[in-house]
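Visitor: I am new to this structure. Please show me how to read it.

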Amino acid sequence: MKNTIRVDRAIKNITQAKLAELVQVSRQTINAIELGKYIPSTVLALKIAQVFEKKVDDIFQLEDKDLA
Amino acid sequence: MNTNYLFPNQFKKLGWVLLFLSIILGLYWIIYFPEPSFLDVTIPFGSDNGFLNSTRDNFFNELIGIFLIMSLLWVAFSKEKQEDEFINKLRLDSLVWATYFNYFILLLSMFLFYGLNFLDVMVYNLFTLLLFFIIRFNWKLHKSKKA
């Protein structure tokens, strides 16, 4: 699964730490998600989408390898 | 995520202090084998000649064992300052890894140590699972903080 969090953060001009605070997780978690090392839970994905005022699937998309 | 099987965050620091003390006491015991007389006790069961017969024992080494286990548990299973689902996943991954690694070492030891030597291995093995977990978990946590 890939995501556009890094881009969305740049648009909104907020840091990893700030986003982490807004969705009540640690900064490492946001970093791990951005790097594709961690797939967030549905709850966390929804919270992140809420911060960026977008739909979840505008931020998170399936990749080919997820469907293989 | 609700993780109610973890100790509060403050126990981590307490655990490190107690662990440090226990290791020093443990090394002291291994080298000098002290048996301070105020820790001499009569225990009503568990004797070599029949479980229900009483036995004399010096409680120093048992005390070290208890301190070690308690401190390792606290260090291993205290909440992080900010607990979240990613840290939960790291913890679970590390626990699985540590369990495999611990038993791998134990299997290896079965071929390398025999008789009373193997008994020593078993004694160390009481603590190594938690120790391997602590090392692996904190290493992973450290790595994810730096990135």
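Guide: Start with the domains. Seven residues of domain 1 of chain B are in contact with seven residues of domain 2 of chain B; two residues are in contact if their C-beta atoms, placed from the backbone, lie within 7 Å. This is a predicted model: local features need pLDDT of at least 70, side-chain atom pairs count only at pLDDT 80 or more, and totals for chains, interfaces and linings use all residues. Residues are numbered from 1 along each chain as its sequence is written, while chains are lettered from A and ligands numbered from 1 in the order in which they are written.

Visitor: Where are the bounds of the domains in chain B?

Guide: Domain bounds come from an automatic or database domain assignment. In chain B, domain 1 is 1-79 and domain 2 is 84-147. Their C-alpha centres lie 19 Å apart.

Visitor: How many residues does each chain give to the contact of chain A with chain B?

Guide: Chain A gives nine residues and chain B gives nine residues. On the side of chain A that touches chain B, four residues are nonpolar, five are polar and none is charged.

Conventions. Ala, Val, Leu, Ile, Met, Phe, Trp, Tyr, Cys and Pro count as nonpolar, Asp, Glu, Lys and Arg as charged, and the others, Gly among them, as polar.
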